[in-house]
Amino acid sequence: MKKLFTTLVLFSFFAGTSSAQTTTVYSYTGTVQTLIVPGCTDSVTFDMYGAQGGGTGGLGGRVTGSFPVTPGATLYIYVGGQGGPEASLSPGGWNGGGTAGQMTTMYPGAGGGGASDIRIGGQTLTDRVVVAGGGGGSHPINSTTGSGAGGGLTGGNVVNNGNTCMNGWATGGSQIAGGLNSTW
């Protein structure tokens, strides 16, 4: 199933004393996008999704909310890309998706989805003001049970489908650390 809204960042701009609203939609491009905050705008409302993991990977997380802005400020918008398909060392999606490991040549995994984020004041990771995590990539062994979804305080774990060849199942990342891959 193809992802539908996993790479969408939606902004609404509100003027301080008026009810005027402008909506701008950003989709995946594989590069940073910018927005100069319009005059008379004092807050931004957003609805954004991290990218889905490759193959039949987990969906990206969703984050909604708003924050105050200053007219003329630059927002740097990173819309994550979907992870690569199930293949040997498949690449992760743009903006931080993890590269797939390979347990054996018979069972290559898919890359993880990239995060979507908004940065203010610069383009480093410490300039992030909001992040929607990407979903985990699929693997032939877990493709019937699902990969971990991104989002929340901790991303979703891979569901153990009873396979006894696995020593450990992939875990979701947290607010301060990436998740762990499965071990054979």
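Analyst: A charge is said to sit over a ring if NZ of Lys or CZ of Arg is within 6 Å of the ring centre and within 35 degrees of the ring normal. The model is predicted, with local features requiring pLDDT of at least 70 and side-chain atom pairs counting only at pLDDT 80 or more, whereas totals for chains, interfaces and linings use all residues. Residues are numbered from 1 along each chain as its sequence is written, and side-chain values use heavy atoms, with hydrogens and water left out.

User: Which ring does the charged end of Arg-119 sit over?

Analyst: The charged end of Arg-119 sits over the ring of Tyr-78, at 3.7 Å from the centre of that ring.

User: What makes Tyr-78 buried or exposed?

Analyst: Buried means under 20% relative accessible area, exposed means over 50%, and partly exposed lies in between, with a 1.4 Å probe and protein chains only. Tyr-78 has 8% relative accessibility and therefore counts as buried, while Trp-94, at 28%, counts as partly exposed.

User: Why is the pair of Phe-46 and Phe-67 called tilted?

Analyst: Rings of Phe, Tyr and Trp (its six-membered ring) pair if their centres lie within 6.5 Å, and planes under 30 degrees apart count as stacked, over 60 as edge-to-face and the rest as tilted. By this rule the count comes to two aromatic pairs. In one of them, the centres of Phe-46 and Phe-67 are 5.7 Å apart and their planes stand at 45 degrees, so the pair is tilted. Phe-46 lies in strand 4 (residues 41–49) and Phe-67 in strand 5 (residues 62–68), so that the pair links distant parts of the chain, 21 residues apart; strands here are DSSP runs (E, at least two residues) numbered from the N terminus. Phe-46 is buried at a relative accessible area of 7%, and Phe-67, at 13%, counts as buried.

User: What angle lies between the planes of Tyr-78 and Trp-94?

Analyst: The planes of Tyr-78 and Trp-94 are 10 degrees apart, with 5.7 Å centre to centre, and this aromatic pair is stacked.

User: How do you know whether Cys-40 and Asn-95 are buried or exposed?

Analyst: Cys-40 has a relative accessible area of 64% and is therefore exposed, whereas Asn-95, with 15%, is buried. Cys-40 is not a glycine, yet has a positive phi of about 60 degrees, and Asn-95, also a residue other than glycine, has a positive phi near 80 degrees.

Conventions: Helix = DSSP H or I, 4+ residues; strand = E, 2+ residues; numbered from the N terminus.
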